[in-house]
Amino acid sequence: MMLTISVGELLKETAERLGLKLAAGEKGLSNKIATSRIQKPGLLLTGLLEKLHSDRIQIFGKAEIDYMKSLPPDRLKAALKVLERVNTPCFIITRKQKPPAFLSSLAEKRKIPLLSTHLTTSLFIERFTKYLEERLAPMITMHGVLVDVLGVGILILGKSGIGKSECALDLITRGYRLISDDAVIIKRMPPTTLFGIASDIIRYHMEVRGLGIINVRDLFGITAIREKKQMDIVVELVKWDPDEEYDRLGFEEGQYEILGVKLPFLKVPVSPGRSIATIVEVAARNQLLKIMGYHSAIEFNKDLDLAIRENRKRASRR
């Protein structure tokens, strides 16, 4: 789902990071921000462009403020009418500039918060856009475990009690890292990258049947956990069914779609005596090989075809 954030929430969350302060338009703090895209209204104020995006935050750098201050009253009035036509969530002035009276008056009149920051325009836009992209990213929560194995983000799925947490615990004891257990919050970052995090309540914790709730960071140290990880592969643990056909060669890769992004997918049957953690670790190593351009199953098939052709040639010569 697409999230929104109010201007008031924006102020609270970015006061230190972006140095944003409220200068005018306090009555509009409930205005909602729904897009990470921003707009600098420079060319609009000169009349060279007509389209002002009402859903985007308007950023005023030194050039925009100096230009508006230099305008004669009639042209300034026309420029302000351009800004007045839309319901932008808020105005932001950069470079620690003092908000001009005409912009403060417009903010109060239209109930549009006017914010200021000490950061330069380019630096502010870079940090602000990155913040909004993450804050407003499409998000979903899935039941599973996310681990980092050799730098590969693996989402482990399966029915309750199948052994997801136990598999993750085994991987942790081998030196790998936990991102989230039980509930994984997944965000889609532009253009098609999925990141997984844990909720604040369960972060660093795991539920292990027979032991209860454990704190992985306290037990194994800071190197056993990660706050956030890109997801690279999905592994589903299923109960072993002797009548089920499982992939034994690996020629065809399965896919698992999350938030419109398709990830490599493996279905691993669970039965007594099978080391699921070892299989997951090997899956991570195999995925690294594929990223580097080497596909074990395909290479094996090539060698097999070559051997068959050679045998046929020898047979024909006889």
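Is Lys 229 buried or exposed? In this predicted model, Lys 229 counts as buried, because its relative accessibility is 8% and the cut-off for burial is under 20%. Lys 229 forms a salt bridge with Asp 232, and the closest N and O atoms of the two are 3.8 Å apart. Asp 232, at 17% relative accessibility, counts as buried as well.

Within helix H3 (residues 62-70), Lys 62 and Asp 66 lie 4 residues apart, about one turn of the helix. Their side chains meet in a salt bridge with an N to O distance of 2.7 Å. Both partners are partly exposed: the relative accessible area is 43% for Lys 62 and 35% for Asp 66.

Another salt bridge, at 2.8 Å from N to O, brings together the side chains of Glu 84 and Lys 109. Here distant parts of the chain are linked, since Glu 84 sits in helix H4 (residues 73-84) and Lys 109 in helix H5 (residues 101-110), 25 residues apart. Glu 84 is partly exposed at 25%, whereas Lys 109 is exposed at 60%. Elsewhere, a network of salt bridges links Asp 170, Arg 174, Glu 281 and Arg 285.

Helix packing can be followed too. Helix H1 (residues 7-14) packs with helix H6 (residues 121-135) at an angle of about 115 degrees, and their axes are 13 Å apart. Their crossing is right-handed. On the H1 side, the contact is made by Glu 9, Leu 10, Glu 13 and Thr 14, and on the H6 side by Phe 128, Tyr 131 and Arg 135. These contact residues divide into 3 nonpolar, 1 polar and 3 charged.

Definitions and conventions. Residues are numbered from 1 along each chain as its sequence is written. This is a predicted model: local features need pLDDT of at least 70, side-chain atom pairs count only at pLDDT 80 or more; totals for chains, interfaces and linings use all residues. Side-chain values use heavy atoms; hydrogens and water are left out. Axes are lines fitted to C-alpha atoms, for helices over the stretch in contact, and angles run from 0 to 180 degrees between N-to-C directions. Helices (H or I, at least four residues) and strands (E, at least two) are DSSP runs, numbered from the N terminus. A crossing is left-handed if the near helix is turned anticlockwise from the far one by less than a right angle, and right-handed if clockwise. Contact means heavy atoms within 4.5 Å. Ala, Val, Leu, Ile, Met, Phe, Trp, Tyr, Cys and Pro count as nonpolar, Asp, Glu, Lys and Arg as charged, and the others, Gly among them, as polar. A salt bridge is a side-chain nitrogen of Lys or Arg within 4 Å of a carboxyl oxygen of Asp or Glu. Buried means under 20% relative accessible area, exposed over 50%, partly exposed in between (1.4 Å probe, protein chains only).
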